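Dear colleague,

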Amino acid sequence: MSVIYNPTDQTITLNTKNTSYQMKVGPLGYLVHTYYGPHIDTDASYCMVFRDRGFSPNPYDAKLDRTISPDTMPMEYPCDGSGDYRATAVSIKRPNGVVKCDFRYDGHSVVPGKYSLPGLPAVYVENEEAETLVVTLKDKYSDIEVILQYGIIPELDVITRTAKIQNNTEENIILNNAASGCIDMMSGEWDLVHFYGRHAGERAFGRTEIGQREILVGSRRGTSSHHENPFVILAERDTAEMHGACIGMSLLYSGAFSCNAGGDAFGGVRAVMGIQPEHFDYPLAPGESFQAPELALAYSADGFTKLSHIFHKLIANNICRGPWKNKRRPVLINNWEATQMNFDGEKILSIARKAADLGVEMMVLDDGWFGARNDDYAGLGDWVVNTEKLGCTMGELADQIRAMGMKFGIWIEPEMVNEDSDLFREHPEWAMRVPGTDPVIARNQLVLDYSRKDVVDYVFDQIAKVLDECKADYVKMDMNRPLSDMYTAVSDCQSRGKLQYEYVLGVYRFMEKLLERYPDLLFEGCSGGGGRFDAGMLYYSPQIWCSDNTDAIDRIRIQYGTSFGYPIRTMGAHVSAVPNYDTWRKTPLHTRAVVAMEGTFGYELDLNLISDEEKKEVPEQIETFKKYWNLLHNGLYYRLTDVMKNHQEAAWMMVAEDGSEALVNIVKLNTTGNCPNRYIRCAGLTPGATYINEATGDIYSANALMTIGIPMPRVMRPGTFWWSNAGEYDAFQIHLCRV
Ligand code: GLA
C-alpha cells in the first residue's frame with residue numbers, strides 16, 4: 001500500500017521505494033504539504049510553526065487565532081484570494097471580476113492503478129504496481145471544486161500530480177491560473193536548476209540560489225521552447241552529482257509553461273509549476289472543467305545522477321510508447337544539412353546509395369519534397385509530392401531506397417502553412433491571424449488553427465496519403481515557429497489561454513492519430529531542433545531532434561544539459577560535415593561519432609564527399625554503435641565532468657546495470673604543449689571489482705578508477721614514434737569489462 005491515510009492526525013502519506021510525500025488536512029480544513037524526502041513514518045506537521053506573523057492575514061473562521069495563515073502554511077495547492085500572497089497554483093475570476101476562492105479539503109479516495117488523462121500525455125504503468133490518490137478541495141463560497149490526482153509508482157520512486165478545476169456553479173468563471181502542482185518546503189537552502197538556451201543552443205545548465213525572492217522560468221511562446229525547458233530541479237545548496245537532496249519536476253506538456261520558485265519570509269521555499277499563467281484566461285461555463293497537464297516528481301537524496309536515473313527510466317519505460325521504445329533504432333542518414341531544399345530524386349538516391357554502401361540503415365528525406373517547396377517562402381501546407389522534383393513518385397523513391405536494403409522516412413511540418421501555398425489560398429481562415437491586424441510572421445510561415453478538429457483531420461488525411469504511398473518507416477515531425485495571433489475563425493471565444501491549450505491538444509491528437517494508424521512507425525519530434533523537447537512530446541515520439549546545432553563540441557554541452565532530465569536514447573544526434581555550417585569548427589569524424597553515440601546516432605551529410613579514409617571509418621562507427629547500443633541506451637548514464645565549468649575535457653560514461661561493463665567517453669576540449677596529467681574519474685562501477693580495458697588489456701581497480709580516475713589517453717600521431725598529448729577535439733571510447 002503506497003497511500004497511507006491516518007485518520008487520527010489526518011495525514012495522507014504517499015510512499016515510494018525510497019521516498020515519502022506527505023499532506024495533511026490542517027487547521028480549518030486547509031490541505032497542507034508537510035513533507036517530501038526520504039521515508040518517514042510520522043506526522044511531519046510538527047515542523048509547522050504557528051505564530052502571529054504580522055501582515056500574514058488570517059481566515060475569518062480562525063476567529064481570534066491569529067497564528068493560522070495561508071500565507072505562512074506550506075500549502076498543497078495554494079489559492080489566490082485566500083490570503084496567501086506567495087505564488088499560488090489556482091486563481092479564479094468570477095463574472096463580475098472578483099478573484100476570491102478559498103479551497104478546503106472535502107474528501108479523498110484511493111484507487112488501484114495509475115490514472116490516465118484523456119487527450120493529454122501521462123505516465124503509464126505496465127508491470128509496476130501503482131495507486132492513485134484523489135483529493136477533492138471545495139471552495140468555501142461556491143461550488144467550484146479542485147480535484148487533485150496523484151499517481152504513486154513505488155518501484156520507480158515517482159509521484160505524478162495533476163489538478164482538475166470543476167465549475168459546478170451557475171456562473172461563467174475564468175481561470176487565470178491552474179497549475180499542475182506545487183512543492184512547498186518548510187525549510188532548507190534551495191537552488192533552482194533550470195535548462196535555458198536559444199535556437200541551436202538548447203538546455204544549458206543554470207543554477208540559481210532561490211534565497212528570498214521569486215524566480216520565474218518558463219515559456220510564453222506557445223511551445224515548451226528552446227529558451228527554457230519544462231524540467232527543473234530544486235537542489236539543496238551543497239547538492240552535486242553524487243550527493244545531496246534534490247527534487248526533479250518534469251511537466252508533461254508541450255505548450256507555454258512556467259515554474260515560479262520563491263523563498264518566503266519565514267524560511268519556506270515554494271515552487272509552482274504548470275501552464276504559463278500570464279497568457280492564461282481560460283473560461284469555464286457552468287458544468288465545465290479544465291484539466292491541467294501532468295507533473296512528474298522525483299526526490300533523490302544522493303544528488304543529480306540518481307535523480308537523472310529515475311527520470312531516464314521513467315521516460316524510457318513509462319512515458320515513451322510503441323514498439324521502438326526499447327529497440328535499437330536504425331542508423332539513419334538525413335539529407336537536410338547535405339542539400340537543404342536543393343535536391344532532386346537522383347541526388348537523394350546518390351546520398352542513399354553511398355550511405356547504404358557504408359552500412360547506414362535508413363534514409364530520411366527532409367524538408368522540400370512537397371508542393372512548391374524549394375525554399376522556405378512557399379509550399380508549407382501542400383502535402384502533395386513534388387514528383388517533378390523527385391523525378392518519380394514517393395512510392396517509387398521509397399522502393400528504390402528499400403532495394404538498397406534501407407528503410408525510408410520523411411519529414412513533415414503539419415502545423416504550419418506558407419501564405420504562398422494552395423492550402424492558404426483555399427482556406428485562409430485556417431491560419432491563425434487576428435482580423436484587422438498583420439500576423440506576426442516567423443520563417444515566412446503562419447500557424448494553422450490546431451484547436452480545430454477539421455483542420456487537424458484535413459492535414460492528417462493529406463499526409464497519410466503520402467505515408468501510405470511510400471509506406472514510411474519513420475517520420476520526423478517538425479514545428480518551426482512560436483505561436484502568436486491566437487485567433488480562431490470558428491468561435492466567439494478568443495481566449496488566448498484556451499486557444500493555446502487547445503492548440504497543444506490538437507497537436508497531441510494529430511500525433512495520436514498517426515500512431516494509431518501506423519503503429520510500427522518510428523517517430524522523431526523536432527522543433528527547429530530541440531524547441532519542443534519535453535516529456536509530453538516523448539509520450540508520442542520516443543526520440544526528438546536535440547538541436548539544429550550539430551557541431552560536436554557545442555553538442556556536448558547541449559546533450560549534457562538535456563541528460564539531466566531525459567535519457568540519451570531520446571536525443572536525436574547525428575554526425576555532420578565539417579567545417580560545421582554554423583560554427584565553422586572542424587572536429588575529427590571519430591569525435592563527431594562518439595558525440596552522436598550519446599544519442600540516437602545517425603548521419604546528416606553527403607557521405608560521397610568525405611575522404612576515402614573517412615569512408616573506411618563509417619562502417620566501423622556503425623559497428624561500434626551496434627556493439628555498444630545496449631550499453632549506450634540501457635546502461636546507467638553518468639556525467640563525469642561538469643561541461644559548464646571544465647573546459648579541458650568532457651567525459652561521460654554508461655555502465656551496465658549489473659556493473660559488468662562500462663563505456664567511458666572522453667573528448668579533449670582544450671590542450672597545451674607538454675600538458676599536465678589529467679585524470680577522468682569514473683563512476684558507477686562495482687566497488688571492489690577489477691576491470692579490464694578491452695582494447696589495451698590494462699587492468700584497473702574499480703575503486704581506483706572511481707577515486708583517482710583513468711589517465712587521459714595519449715595518442716600516436718601518424719608519422720611519429722612517440723606518444724603525444726590528446727589533441728584538441730580528440731575523442732576516446734574506453735570499454736571496461738569486469739573481470
Ligand atoms: C528545422 C529542423 C531541421 C530541418 C529544417 C527543415 O530547422 O530542425 O532539422 O528539418 O527545419 O526546414
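This is a predicted model: local features need pLDDT of at least 70, side-chain atom pairs count only at pLDDT 80 or more; totals for chains, interfaces and linings use all residues.

**Salt bridges**

Side chains of opposite charge can pair when their charged atoms come close. In this model there are 51 salt bridges, and I describe some of them here.

One of them joins E512 to R321, with 3.1 Å from N to O. Because E512 belongs to helix α8 (residues 496–517) while R321 sits in the loop between α1 (303–318) and β22 (332–334), this pair ties together parts of the chain that are 191 residues apart in sequence. E512 is partly exposed, at a relative accessible area of 24%, and R321 is partly exposed as well, at 22%.

Another salt bridge brings together the side chains of R402 and D473, again with 3.1 Å from N to O. Here R402 is part of helix α5 (residues 394–403) and D473 is in the loop between α7 (453–470) and β27 (474–477), so the parts tied together are 71 residues apart in sequence. R402 is partly exposed, its relative accessible area being 27%.

A further salt bridge is formed by R585 and D551, whose closest N and O atoms are 3.0 Å apart. This pair also links distant parts of the chain, 34 residues apart, with R585 in the loop between β31 (574–576) and α10 (589–596) and D551 in the loop between β29 (543–545) and α9 (552–563). Are the two partners buried or exposed, or do they lie in between? R585 is partly exposed, with a relative accessible area of 22%, whereas D551 is buried, with a value of 2%.

Salt bridges can also join into a network, and in this model one such network links D84, R86, D184, D264 and R270.

**Aromatic pairs**

The structure holds 33 aromatic pairs. In one of these, F195 and F231 are stacked, with 5.9 Å from centre to centre and 25° between the planes. Since F195 lies in strand β12 (residues 190–198) and F231 in strand β15 (residues 231–236), the pair ties together parts that are 36 residues apart in sequence. F195 is buried, with a relative accessible area of 2%, and F231 is buried too, with 1%.

The pair of F533 and Y566 is instead edge-to-face, at 5.1 Å centre to centre and 70° between the planes. F533 is found in the loop between β28 (522–525) and β29, and Y566 in the loop between α9 and β30 (571–572), which places the partners 33 residues apart in distant parts of the chain. Both F533 and Y566 are buried.

**Charges over rings**

R321, the partner of E512 in a salt bridge, also has its charged end over the ring of Y539, 3.7 Å from the ring centre.

Note on methods
Residues are numbered from 1 along each chain as its sequence is written. Side-chain values use heavy atoms; hydrogens and water are left out. A salt bridge is a side-chain nitrogen of Lys or Arg within 4 Å of a carboxyl oxygen of Asp or Glu. Helices (H or I, at least four residues) and strands (E, at least two) are DSSP runs, numbered from the N terminus. Buried means under 20% relative accessible area, exposed over 50%, partly exposed in between (1.4 Å probe, protein chains only). Rings of Phe, Tyr and Trp (its six-membered ring) pair if their centres lie within 6.5 Å; planes under 30 degrees apart count as stacked, over 60 as edge-to-face and the rest as tilted. A charge sits over a ring if NZ of Lys or CZ of Arg is within 6 Å of the ring centre and within 35 degrees of the ring normal.
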